[in-house]
Number of protein chains: 2
Amino acid sequence: MKSDKISEAVVRRLPVYLRYLNELHKREVATVSSQELGQRLDLNPAQIRKDLAYFGDFGRKGIGYDVIYLIEKIRQILKLDQQINVVLVGAGNLGHALSNYNAFLKDNMKIVAVFDAHTAKVGTRINNLTVLPMEELSDTIQKLSIRIGIITVPDIEAQNVADMLVAAGIEAILNFAPVILKAPSHIRIHTADFTTDLQSLAYYLDNGKEEMNNDTAEAGH
Amino acid sequence: MKSDKISEAVVRRLPVYLRYLNELHKREVATVSSQELGQRLDLNPAQIRKDLAYFGDFGRKGIGYDVIYLIEKIRQILKLDQQINVVLVGAGNLGHALSNYNAFLKDNMKIVAVFDAHTAKVGTRINNLTVLPMEELSDTIQKLSIRIGIITVPDIEAQNVADMLVAAGIEAILNFAPVILKAPSHIRIHTADFTTDLQSLAYYLDNGKEEMNNDTAEAGH
């Protein structure tokens, strides 16, 4: 099966391509070159051509990629035709902020339940959902066929919540707590830690200057 | 200069390595193998060895990497010895949540100012910072030598805020609005959109099953 060969790095880039392709489609742009994609998404065009080659040899020299075709292909690969229910644990500021994204998740993914361990939070509303107590976590996950869990609890509670999600049958976790979680190997965990984003940005603060100096030096040849 | 060769993918993995190495160091673990790193961080050990080879040939067969040495090297590369000031624009739920991370940014990075365009937010407190009006953005960035901006405003306001940050001299932006921002090419922008994280997790929901079936099939050989 072709999709077996796709590396994690490519899988993580596909939604980024998709988002920009959807923007192009909205603006009624029919084709896009790897150069333009690269410039807008800050990626090497050769890397983009290699990524998209997984889906067949449909980019044409001098014309580029068909936007609608590419959107369809990426949606198929990411299985955006399925309905996938998501549970969020942790009804603090971050939990509130993330459930506001529900509108952007659109067709296939939805946060369908929110949980919190603190009695003061239980019964409050986040958007159109009532915050539920942890005791109902397992039943709710099974009843609503929830497959992905989002963890937005303080770091000391995160592993415990992960264990509960795994025990309840969750298949993948998006973790926002700044800790590395343990889980059985068949559970997919992505950790979204914005401190690592900031640290990798810091790398470019000085390198950007170096590169600019190099550019100037090269321009003098 | 050696660091010029480091790809963006590697730069993005370094803070992840660093976080786990710091955990190991806290537990007084002296060495770690690429296999163990790979297992804990869900990365291919060969990829990790290749990444770390940028910093010299210091991994030893059968022993692994020296944790303290590796921490020092990665900190140097990421320039974590510098003080880097960060500004946050958007004092909503996400802004609140992110400024709670200030404690984790530790030695070198700090959110030193928070701004919001809405008068109702101006003057309120987020942790130990008073939310300032946008009119003071440019002066504050220059006065506090702020180099990185975090955008946590609604998507329709994001481009405008990015323009203001760039005009005020910001060098890099971490954007949480679900839009692709335009900026001059010397400005580094990372977009932290959790919907792309969720979509790439969805890819693995079914592939996980396929892989498990494949594993079973292979085990039968």
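Predicted model: local features only at pLDDT ≥ 70, side-chain atom pairs only at ≥ 80, totals over all residues.
In chain A, strands E5(A) and E6(A) form a hairpin with two residues between them, and Asn127(A), which sits in the turn, has a positive phi of about 50°. E5(A) covers residues 125-126 and runs antiparallel to E6(A), to which two bridges join it. Within this pairing, Ile126(A) stands opposite Leu129(A) of E6(A).

E6(A), residues 129-133, also pairs with strand E4 of chain A, residues 109-116. Here the strands run parallel and three bridges join them. Val114(A) is the residue that stands opposite Val131(A) in E6(A). E6(A) therefore has an antiparallel partner in E5(A) and a parallel partner in E4(A), since two strands pair if at least two bridges are found between them.

Attention now turns to the contact between the chains. Chain B and chain A each bring 70 residues to the contact. The area buried between chain B and chain A is about 6,900 Å², with carbon and sulfur atoms giving 63% of that area. On the side of chain B, Ile180(B), Phe194(B) and Tyr203(B) supply 11% of the area that this chain buries against chain A, more than any other three residues.

Several elements of chain B give two or more residues to the side that touches chain A. The helices are H1, H2 (34-41), H5 (93-99), H6 (102-105) and H9 (194-219), and the strands are E7 (146-151), E8 (172-175) and E9 (188-191). H9(B) gives the most, with 18 residues. Sorted by class, the side of chain B that touches chain A has 37 nonpolar, 15 polar and 18 charged residues.

Val11(B) lies in helix H1 of chain B, which spans residues 8-26. Is Val11(B) buried or exposed? Val11(B) is buried, because its relative accessible area is 0%, where buried means under 20%. Beyond its neighbours within four places in sequence, Val11(B) is in contact with Ser200(A), Tyr203(A) and Tyr204(A) of chain A, and with Ile6(B) of chain B.

Methods:
Residues numbered from 1 in each chain as written. Chains lettered and ligands numbered in written order. Heavy atoms only, no water. Helix = DSSP H or I, 4+ residues; strand = E, 2+ residues; numbered from the N terminus. Buried < 20%, exposed > 50% of the residue type's maximum accessible area, 1.4 Å probe, protein only. Contact = heavy atoms within 4.5 Å. Buried area = accessible area lost by both parts, 1.4 Å probe. Nonpolar A, V, L, I, M, F, W, Y, C, P; charged D, E, K, R; others polar.
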